[in-house]
Amino acid sequence: MNGLVQGLGVTLKSMVSKKVTTSYPDEPILMPDRFRGIQHFIPDLCIVCNQCARICPTDCITLTGKPNPDPTKKVKVIDTFDINFEICILCDLCTEVCPTEAIVMTNHFELSAFSRDDLFKDVQWLTDNNTLVRQDNNNIGAPAKGGAK
């Protein structure tokens, strides 16, 4: 009998307490500041150094560069930049190693698809993914924007 009263007490207490459930599709979920979401790519900042592809533990990033159309500049320009989100683990290593912050994380996390082919994102899709971009992408004590003095 004592166990029954305790059980009913827990039930009644939970019935009058504040609910923590949200109706997710209708109310957006606010993510913390350092949440590792889907990447945003800024092609104008990319110097095609290939650091992001080299550090990626799953080899999901592929990029190619081409010579700059302006012959006075020696820097390459990005030609293709693709991320395969089927195998990407959103580890944030590509954004941490990028010297120009051409890749930054966003707070987007919804990437469901009916086909695996839809998880292969190109430079245009990654460039258009420019909302909810994380403001503080380099707060681990490294110099901001590059690092060269």
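## Briefing: a tour by region

Ile47 sits in the loop between strand E1 (39-41) and helix H2 (51-55). This is a predicted model, so please read every value below as computed from it. Highlights include an open sheet of three strands, one salt bridge, two cavities of 30 Å³ or more and a nonpolar surface patch of about 460 Å².

**The sheet**

- Three strands make up an open sheet, and their order is E2-E3-E5. The pairing is antiparallel.
- Strand E2 (61-66) and strand E5 (120-121) are the edge strands; each has a single partner strand, so one side of each is left without a neighbour in the sheet.
- E2 and E3 are joined in the antiparallel sense over six bridges. To find one of these contacts in your viewer, look for Thr64, whose bridge partner in E3 is Thr80.
- Strand E3 (residues 77-84) also pairs with E5, again in the antiparallel sense, over two bridges. Here Asn84 has Phe120, in E5, as its bridge partner.

**The salt bridge**

- How many salt bridges does the structure hold? There is one, and the side chains of Arg116 and Glu86 form it, at 3.3 Å from N to O.
- Arg116 belongs to the loop between strand E4 (103-105) and E5, while Glu86 belongs to the loop between E3 and helix H3 (93-97), so the pair ties together parts that are 30 residues apart in sequence.
- The two partners fall into separate accessibility classes: Arg116 counts as exposed because its relative accessibility is 61%, whereas Glu86, at 37%, counts as partly exposed.

**The nonpolar patch**

- Which residues make the nonpolar surface patch? Met1, Leu4, Val5 and Leu8 do, and the patch covers about 460 Å².
- Met1 is placed in the segment before helix H1 (2-16). With a relative accessibility of 78%, Met1 counts as exposed.

**Cavities**

- Rolling a probe the size of a water molecule over the atoms shows where empty space is left.
- In this model the count comes to two cavities of 30 Å³ or more, and the largest cavity has about 80 Å³ of space.
- The lining of the largest cavity consists of 14 residues. Lying nearest its centre are Gln39, Cys56, Cys88, Cys91 and Cys94.

**Pairs that are apart in sequence**

- Gln39 comes up again here: Gln39 and Ala102 are 63 residues apart in sequence, yet their C-alpha atoms are 9.9 Å apart in space.
- Ala102 is in the loop between H3 and E4. Is Ala102 buried or exposed? Ala102 counts as buried, because its relative accessibility is 1%, and the cut-off for buried is under 20%.
- Phe109 and Phe35 are 74 residues apart in sequence, with 9.3 Å between them in space, C-alpha to C-alpha. Phe109 is in the loop between E4 and E5 and is partly exposed, with a relative accessible area of 33%.
- For Ile47 and Val10, the separation is 37 residues in sequence and 60 Å in space, C-alpha to C-alpha. Ile47 counts as partly exposed because its relative accessible area is 38%.

**Backbone angles to look at**

- Most residues other than glycine have a negative phi.
- Leu90 is in the loop between E3 and H3, and with 23% relative accessibility Leu90 counts as partly exposed.
- Where is Leu132 placed? Leu132 is in the segment after helix H4 (123-128), and at 52% relative accessibility it counts as exposed, since the cut-off for exposed is over 50%.

Technical notes. Residues numbered from 1 in each chain as written. Predicted model: local features only at pLDDT ≥ 70, side-chain atom pairs only at ≥ 80, totals over all residues. Heavy atoms only, no water. Patch = residues over 30% accessible without salt bridge, like charges linked within 9 Å, V, L, I, M, F, W, Y side chains within 5 Å. Areas by Shrake-Rupley, 256 points an atom, 1.4 Å probe, with all protein chains shown as cover. Salt bridge = Lys/Arg side-chain N within 4 Å of Asp/Glu carboxyl O. Helix = DSSP H or I, 4+ residues; strand = E, 2+ residues; numbered from the N terminus. Buried < 20%, exposed > 50% of the residue type's maximum accessible area, 1.4 Å probe, protein only. Pairing = 2+ DSSP bridges. 1 Å grid on protein atoms, 1.4 Å probe; cavity = no way out; pocket = protein on both sides within 12 Å on 5 of 7 lines; lining within 4 Å. Points joined across faces, edges and corners; volume = space filled by probe spheres on them.
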